[in-house]
Number of protein chains: 2
Amino acid sequence: MQMEGTVKCSANCVPLSPISFLERSAIVYRDRLSIVHGNVKFTWGETRQRCLRLASALTLLGISRRDVVAALAPNVPAMYELHFGVPMAGAVLCALNTRHDSAMVSVLLKHSEAKIIFVDYQLLDVAKGALNILSKASAKLPHLILISDSESQLSSNKNNRSLAPKNLEYESFLATGEPNFEIVWPNDEWDAIALNYTSGTTSSPKGVIYSHRGAYLNSLAAVLLAEMASMPVYLWTLPMFHCNGWCLTWALAAQGGTNICLRNITAEGIFDSIVQHQVNHMAGAPTVLNMIINAPQSVQKPLPRTINVMTGGAPPPPQVLLKMKELNFNVIHGYGLTETYGPATVCAWKPEWNFLSPDEQAKIQARQGVNHLGIEKVDVKDPESMKSVPSDAKTMGEVMIRGNTVMNGYLKDVKATEDAFRGGWFRSGDLAVKHPDGYIELKGRSKDTIISGGENISTIEVESVIFSHPDVLEAAVVGRPDDHWGETPCAFVKLKDGCNASANEIIKHCRDRLPHYMAPKAVIFEDLPKTSTGKTQKFVLRQRAKAMGSVSKASKL
Amino acid sequence: MQMEGTVKCSANCVPLSPISFLERSAIVYRDRLSIVHGNVKFTWGETRQRCLRLASALTLLGISRRDVVAALAPNVPAMYELHFGVPMAGAVLCALNTRHDSAMVSVLLKHSEAKIIFVDYQLLDVAKGALNILSKASAKLPHLILISDSESQLSSNKNNRSLAPKNLEYESFLATGEPNFEIVWPNDEWDAIALNYTSGTTSSPKGVIYSHRGAYLNSLAAVLLAEMASMPVYLWTLPMFHCNGWCLTWALAAQGGTNICLRNITAEGIFDSIVQHQVNHMAGAPTVLNMIINAPQSVQKPLPRTINVMTGGAPPPPQVLLKMKELNFNVIHGYGLTETYGPATVCAWKPEWNFLSPDEQAKIQARQGVNHLGIEKVDVKDPESMKSVPSDAKTMGEVMIRGNTVMNGYLKDVKATEDAFRGGWFRSGDLAVKHPDGYIELKGRSKDTIISGGENISTIEVESVIFSHPDVLEAAVVGRPDDHWGETPCAFVKLKDGCNASANEIIKHCRDRLPHYMAPKAVIFEDLPKTSTGKTQKFVLRQRAKAMGSVSKASKL
């Protein structure tokens, strides 16, 4: 039958937007702490007021719908406020990676056409350098608004103030805004809320567009994925610029949580904050987990309660998971990309797994798992035929994703967007297998796979074996050109302090545990190049391996 | 800037639908119990298979998009499966109130144009009576499919089978369907998923249309409102036909929970189920809470853990809340209407309230609170000017609601829909005040307010005082015509077993605690007429009070 009687209006149809979370929290959690940063503390009532002032000030400066507002700052309160203040003005937040240099920042400012850039005082030189480059190219310069150090007295320091003209220091800028500002709600929930540039592990950064709808849905999915009850206390060890902190920036407002900000991520800062603020949730790349488990005994503190830690970016090795558990951290392993607003899958834990041996548990937990609630479907497919691979834990295919928390597209790059969505799925570029229980497990990125003598070698598998050597802190494997085999595995390894395993020991360790063709032919000891989100920059390592030259003599496998 | 690069396609834009929850749970929670009913047990993998068969069988019977499929059944597994199987066929579920008589069922079947009705064997007479009425009126008859008693041997009982022709018994019907059925996904998330008739406390039932979008969003909101972690064990003490169990039917699939079905709701059944299945969540009208706290000692069992109980429909009196807490039930008080998919608000609890006296806590907890996450805004407004009332806890206004979990409209009644949405808000018809902290508190329905000598009397306030009398089990107050005062309060009271307070005692109890004009002039002792969802049918009481005739002598206030 026709459903006559239906009327669509403002009573029953409202564009989904994370802004609604803040509106609600300002009532329900009005007097509860929203943000803590050193001695700086705000309540949800205050945070809403400050975000409204920010939106108002932006509007007075000429910002309107769809304008891009950039930010270059660590996890300080202003960075959190920008996540609401910018969208409340109808604008699009572009949070930049704090490890970029001036050249890269200038490229991204130009590409995004940002009209304003908020810059933390510690990153002012980078930003000024970027503006300088733009200026030389006669490009239009964004306004620069300085975020002073709110923790110390620096904000009233003359030197600091003189860095930016009056009204262009964050707090003074806020003061120019009205707290009764009328929010510029999205006309359509599909409207952009954020622009996030990919971290560039495999190519130059692309501008990923997030919608209000996707941000809203991914926030709720993140809350459920992290088993986050209302009023969590969340420690910021994940950069907010990274997929908007996997949308946890907005999710914390949904649940009326307290954001514990950390300017610099150190093991000491982590343990101190946990104990002082009774933290019960955090998230971070595997480097954060490494930092925690390798912290000296004097820094590690006994934890009063279990802390849920979301992680992703690279599968945490079993040793790391075991150690984290001992320290009372419950690691939740997810997987995703900038294009999926952060995590798209979670290795959802089953109670029956608690009865497995610790080794088996860690092995299971290192899998990428199943789609979270915001994602419609994650599958492993043959990229040509688009057929799903069998759930045999063996057949590799490409991870493909569909759902409302997949990006709108790449800014100004319809071609790349269409390529990414070819076949009606988002093509991740990551290779995986599907287990009989439906959980997926990553085996490397398409470009990471080594083909040696016609055999595919999963670099993750080799890395995992290298990692099981007690001396190894970090490991990455790439292909090195080989005249005979085409490619052979080459390992880059960082040893733990005071350890001194040799290249031959590492190779033997691998040959004892893997088919011989999979064991690395060369081992180079050095610090691994990383993106600011803790992902190893394999393209850098591949260049190095290439620079080492071809292995010209057929080596024995 | 224009966000060029955006592409909307199946990779990044999927209609929100609760069907997705089941698709996911069939992977993540494949072997975990989905439904338990006596000796009948299903896993999520099985539930998906059965729902697909159901959808397939419906399609083979001719059901297609937008067709209405009715159900008349208590909380049995088939009723749960219909919540997914019907939408998976593209159809609309119309779950009917099990307390309706044949006449009302016939009216609703005709109005909804249901093509099929699934009927539990215990309600077969009612359904047959309804079809008989339709048949006499030469109306088109829906197919009747019988749900046998799956708990006992009745399903193979000849008498039972003979009630419906072959293939029209639920299990046989399921067997006609294919488990590989291709789901008929909604074309648009705004498409109808369910049709729920209002319970008719103030008027004749209206057909409320729910959308896939609203059902999806309200399910997630309900999960968060109830602080429901993954894999909850949920006891069905709320009828599934009531707003689709406040959308918890679908929410349980989202969280991979276990549905404990109870055909008949008794105190014994509740306590037994809780202990046997380790229940940690339930929901129900205040009558369910009454049943629990008034259960004999021999039935009450010590609870191994705190159980979260969502309640709504009428504000739970302080005494009930206190007693529930003692028994280890954590009551979450919400408020909503059929038009808002069940709860729209929740009295979100603040930790600082734990330090108040038990009485103060109970008083706070009886408030209706703030909008939940799925609702955009709840306000108390002057229905004429649409201005918000001040947050002074005194000024009454009408509760008005906006958000994505407000109905599409009333089926075949554009006029009523437009009236309900006049001014861009859903007008609840309920009167409330707003407290300084932003929480709302109900003071009665528009039609319930008694105007006595020009003064508005909140019936809820009077009821709450009557309830504080130790002998009172239930109380309802309505206006009785009065020649002098216009109306005066008339109380209908049910006393606890073995108690015998007199009318004068009740009146004195009220006059000691309320302005005298608010105290009832008459007290009638009797069972209160209820809707099947536990709401007192005030219109019935108003008729009785009216039938008592006017108070003709001016009584002293």
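Buried means under 20% relative accessible area, exposed means over 50%, and partly exposed is in between, with a 1.4 Å probe and protein chains only. Helices (H or I, at least four residues) and strands (E, at least two) are DSSP runs, numbered from the N terminus.

Before I go on, this is a predicted model: local features need pLDDT of at least 70, side-chain atom pairs count only at pLDDT 80 or more, and totals for chains, interfaces and linings use all residues. Residues are numbered from 1 along each chain as its sequence is written, chains are lettered from A and ligands numbered from 1 in the order in which they are written, and side-chain values use heavy atoms, with hydrogens and water left out.

I start with strand β6 of chain B, residues 143-147. Four of its five residues are buried, so the strand is mostly covered. Its neighbour is β5(B), residues 116-120; the two run parallel and are joined by five bridges. Two strands count as paired if DSSP finds at least two bridges between them.

Next, a sheet in chain B. It is open, with nine strands in the order β2-β1-β10-β9-β11-β12-β13-β14-β15 and mixed pairing. Why is one side of β2 and of β15 left without a neighbour in the sheet? Because β2 (40-43) and β15 (370-371) stand at the edges, each with a single partner strand. Within the sheet, β9(B), residues 233-235, and β11(B), residues 281-284, run parallel and are joined by two bridges. Y234(B) has H281(B) in β11(B) as its bridge partner. Helix α3 of chain B, residues 77-88, lies across β1 (33-37), β2 and β10 (258-260), at about 145° to β1(B). For that angle, axes are lines fitted to C-alpha atoms, for helices over the stretch in contact, and angles run from 0 to 180 degrees between N-to-C directions.

E227(A) has phi near 50°. It sits in the loop between α8 (212-225) and β9 (233-235) of chain A, and is partly exposed at 33% relative accessibility. M386(B) has phi of about 65°. Its loop runs between β16 (375-381) and β17 (397-403) of chain B, and M386(B) is buried at 18%.

For C499(B), the nearest cysteine sulfur, in C510(B), is 16 Å away; C499(B) is partly exposed at 27%.

Last, a loop residue in chain A. T405(A) lies between β17 (397-403) and β18 (409-410). Is T405(A) buried or exposed? Buried, with a relative accessible area of 0%. Leaving aside neighbours within four places in sequence, its contacts (heavy atoms within 4.5 Å) include G214(A), L217(A), Y341(A) and H372(A).

Notes: A disulfide is a pair of cysteine sulfur atoms within 2.5 Å.
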